Amino acid sequence: MRLLVIGASRGIGLKVVEQALEQGHQVTACARDTSRIGICHPYLLQQRADVLDFFALQRIVPGHDAVVIALGTLPTFETVRVFSEGTRNLIDAMHAAHIKRLIVVTGVGTGDSRGHGGFLYDRLFQPFVLRTIYRDKERQEGLIRKSNLDWTIVRPGFLTHGESTGSYRVHTDLNGVTAGKIARADVAHFILQELNENRYPEGTPLVCY
């Protein structure tokens, strides 16, 4: 598989790059600062680009079989647009390049996962600390749903730096579910498994232990 990973310099994106290379995939790792990737591999191509630069994405996107978006940003009280505008640019570039498969990482608190993070997260952390981020993640998910691509939205629980276990829960019915922790490495494991098996087409699985 020829895989393009957006947001590849850290977190889930970097874990996807590492595990995809281990599985023998050809990977393009895209980030604003590729110096943080720190991987040298014959199947790896590093591309420096900003998702807000459509023309840069138009150059990078063609030639891949699938795209993974794992963007992140620090909490802020200012308006956030990177998730929605970056995803809009990527969707347009994918359409132009005739690429259909897209997996996007958002988080607990978007769509029907809102209210499933536990008391402190639902009542304090998300509505105050993460409010502007999750407003944009909602816009991002709306664009994905209307994209006419073969998409899956992955909503991980509370992220840790643990090693991959390959053992976690995947929830599509959130009735009675409160999100738990999940290692970034296991989110990457799920993403690559979903790319291979396509078990959740146009789905929004919540992944946690």
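## Ground rules

Residues are counted from 1 along each chain as its sequence is written. Since the model is predicted, local features need pLDDT of at least 70 and side-chain atom pairs count only at pLDDT 80 or more, while totals for chains, interfaces and linings use all residues; side-chain values use heavy atoms, with hydrogens and water left out.

Let's start with a pair of helices. Two packed helices are described by the angle between their axes and the distance between the axes. Helices (H or I, at least four residues) and strands (E, at least two) are DSSP runs, numbered from the N terminus. Axes are lines fitted to C-alpha atoms, for helices over the stretch in contact, with angles from 0 to 180 degrees between N-to-C directions.

How do α1 (residues 11-22) and α6 (residues 184-197) cross? Their axes come within 8 Å, at roughly 55 degrees, and the two helices are therefore oblique to each other. Here is the scale: under 35 degrees is roughly parallel, over 145 roughly antiparallel, 65 to 115 roughly perpendicular, and the rest oblique. Contact (heavy atoms within 4.5 Å) involves residues including I12 and V16 of α1 and V187 and I191 of α6. By class, the residues of this contact are 8 nonpolar, 3 polar and 2 charged. Ala, Val, Leu, Ile, Met, Phe, Trp, Tyr, Cys and Pro count as nonpolar, Asp, Glu, Lys and Arg as charged, and the others, Gly among them, as polar.

## Helix α3 beside helix α5

Now for α3 (residues 82-97) and α5: their axes come within 7 Å and cross at roughly 20 degrees. Among the residues in contact are F83 and I91 of α3, and D136, R139 and L143 of α5. The contact of α3 with α5 has 6 nonpolar, 3 polar and 4 charged residues.

## Salt bridges

Side chains of opposite charge can pair when their charged atoms come close. For a salt bridge, a side-chain nitrogen of Lys or Arg must be within 4 Å of a carboxyl oxygen of Asp or Glu. The whole structure has 7 of them. In one, the closest N and O atoms of R101 and E194 are 3.2 Å apart. R101 sits in strand β5 (residues 101-105) and E194 in helix α6, so this pair ties together parts 93 residues apart in sequence. Are these two buried or exposed? R101 is buried at 12% relative accessible area, and E194 is buried at 1% (buried is under 20%, exposed over 50%, partly exposed in between, with a 1.4 Å probe and protein chains only).

D136 and R139 also pair up, at 3.0 Å from N to O. They are 3 residues apart in helix α5 (residues 131-145), about one helical turn. D136 is buried at 0%, whereas R139 is partly exposed at 31%.

## A look at L14

Back in helix α1 we find L14, which is buried with a relative accessible area of 15%. Leaving aside neighbours within four places in sequence, L14 is in contact with G7, A8, S9, I37 and I39.
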